[in-house]
Amino acid sequence: MRPLTRRQLLALGAVGAGATAAGGAGLWLTTGNGPGYTGGEGLTEPQVLASRDRVLELDLTAAPARVRVGGRDASVQAFNGSLPGPTLRVRAGDTIRVTLRNGLRAPTNLHVHGLHVSPQGNSDNPFVSIDPGGSFDYEFTLPEDHPPGTYWYHPHRHGHAADQVAAGLYGAIVVEDPDPVPVTRERVLVVSDLSLDAAGNLAEVDQLQQMMGREGEIVLVNGQLRPQLRAAPGERERWRIINACPSRYLRLALDGQQVRLLSRDLGRLPIPEDVTEVVLAPGNRVELLVETRDGSAALTAGALDRGSMNAMMGGAMRGDNKSGGGPVELLTLAVSGSAGTDPGPVPEGRPLRDLRNEPVTAARTLNFAMGMNGNMGAGMGSGQGTMMAFTINGREFDPERLDETAAAGTVEEWTLTNSSPMDHPIHLHVWPMQIVQDGNRDVTRPKWQDVVNVPARSQVKVRVAFDDFAGRTVIHCHILDHEDQGMMATVQAR
Ligand code: C2O
Ligand code: CU
Ligand code: CU
């Protein structure tokens, strides 16, 4: 990490409109199809590993890998040499056994994002650290009533999570639907972003990008640039989309096709909802039902304002943090030919649990903040130290400290407040959150997510049922640069 000097900061603030237009200095204004890249190949999907007789056993090696990205040779980091890693398909009640080998030069570990499994021991334990050259045997057992849905895995070693996810370490997990929706086909679409230098190595990230949350200059789907999908008219596809970008929000639209939202993060909506766009914060997933119509369409990720640090920096920075200037084309869908067979109606799903009908035993407030570090004054002049502190209730992450303790088996109401000028997508491990109030607005229908965006200078109220498991885990900002810089706290159920 290169610390920014006062001169560099001023230079950033001083760049004029002309320089902005000329590629935004490659900082956070991105075109999604950087120079020298080619896209448009047929979509490929990662290898699928499915459980058999209630068990899925696999080896995952996290290591440097040489892959082709957008027609260029790229040196990335990948699970088992592929970008993304293999897709794991399991059912409720299954056990996943993973031997994770660390072929990287930094410590790592593995997190199964969104799975409702134990946080202890060799299960989904974010405090595990595997040294370079080492390995660890994970075992995740899903309860019999585990919600179906699209989940994912990625490294979670504090201090290295953003670097490792940005480098290419992520993969999909599908928990099969016990009441399947009739579709013509299903697709797993893992969205990530990446920045390469001229030699095809991972581009260096500076301190300003880390404060803002880094955004890669190209946006990939299953490691491909603008892949192409084909379908016949009148078909129904189920798209499982994962936002595996370390910081980029995705405001997705697929014009000209009929799109319904089937699932957000976990479970499924009883009745899918018509949508024209959906926003995925980092870590979020959606399942979309796409009913195809003749013509060609593009899945685009539009610009999204996720706040600015301008105010904090005394207006010295050009920090309008819009994800990706104009819309980025993620993939194209060509629909032609004779009509496919009608897949039939979508059966209604099971009603969702509503924690507003259950007694709440405790309330607490967690405030997410960004402040100048004590050494900021000196830092500006000398270019030393971190300029910004990322905190929860005023404290940076300490894995040894116990921050929040809930009684297992109870329901709590948490107010997530954001006193900073940037959005923070807040993620709790193990236990999903039901959003009951967003800003001043009551959320009327049961809305469950495991990453909840808390907009700048706003607040969101959620309820959490501390079911099933005891143990200690974490809550954090899923802008992984913020997490690595301290915006994470420990949560224990006992
Ligand atoms: Cu997807 Cu704690 O992370
Ligand atoms: Cu997670
Ligand atoms: Cu954040």
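Two strands count as paired if DSSP finds at least two bridges between them. Strands themselves are DSSP runs of E with at least two residues, numbered from the N terminus. The model is predicted, so local features need pLDDT of at least 70 and side-chain atom pairs count only at pLDDT 80 or more, while totals for chains, interfaces and linings use all residues. Residues are numbered from 1 along each chain as its sequence is written, chains are lettered from A and ligands numbered from 1 in the order in which they are written, and side-chain values use heavy atoms, with hydrogens and water left out.

Strand 33 (residues 458–465) pairs with strand 27 (residues 411–418) in the antiparallel sense, over eight bridges. Within strand 33, Arg463 is the residue opposite Glu413. Strand 29 (residues 433–438) also runs antiparallel to strand 33, and four bridges join the two. Here Ile435 has Val462 as its bridge partner.

The sheets may be considered next. Strands of a sheet pair through backbone hydrogen bonds, either parallel or antiparallel. One open sheet of five strands has the order 26-35-34-28-32, with mixed pairing. Its edges are strand 26 (404–406) and strand 32 (451–454); each has a single partner strand, so one side of each is left without a neighbour in the sheet. From one strand to the next, the twist averages 25°, where axes are lines fitted to C-alpha atoms and angles run from 0 to 180 degrees between N-to-C directions. Inside this sheet, strand 28 and strand 34 are antiparallel and share three bridges, and Leu428 stands opposite Ile475 in strand 34.

Which residues coordinate the copper ion (ligand 3)? The donors are His424 (ND1), Cys477 (SG) and His482 (ND1), at 2.0 to 2.1 Å. Donors are N, O and S atoms within 2.8 Å of the metal (3.2 Å for Na, K and Ca); water is not among the atoms, so sites may look incomplete. The spacing of the donor residues in sequence is H-x52-C-x4-H. Distant parts of the chain are linked by the pair of His424 in strand 28 (residues 424–428) and Cys477 in strand 34 (residues 471–477), 53 residues apart. His424 is buried, with a relative accessible area of 0%; buried means under 20%, exposed over 50% and partly exposed in between, with a 1.4 Å probe and protein chains only. Cys477 likewise counts as buried, at 0%.

The copper ion (ligand 2) is coordinated by His111 (NE2) and His427 (NE2), at 1.8 to 1.9 Å. His111 lies in strand 6 (residues 111–113) and His427 in strand 28, 316 residues apart, so that this pair too links distant parts of the chain. Both residues, His111 and His427, are buried.

Another open sheet contains five strands in the order 13-23-20-15-18, again with mixed pairing. Strand 13 (228–231) and strand 18 (278–280) are the edge strands, each pairing on one side only. Strand 13 runs parallel to strand 23 (residues 328–335), joined by four bridges, and Leu229 stands opposite Leu333 in strand 23.

Strand 15 (residues 250–254) of this sheet contributes three residues to the lining of the largest cavity, the largest share.
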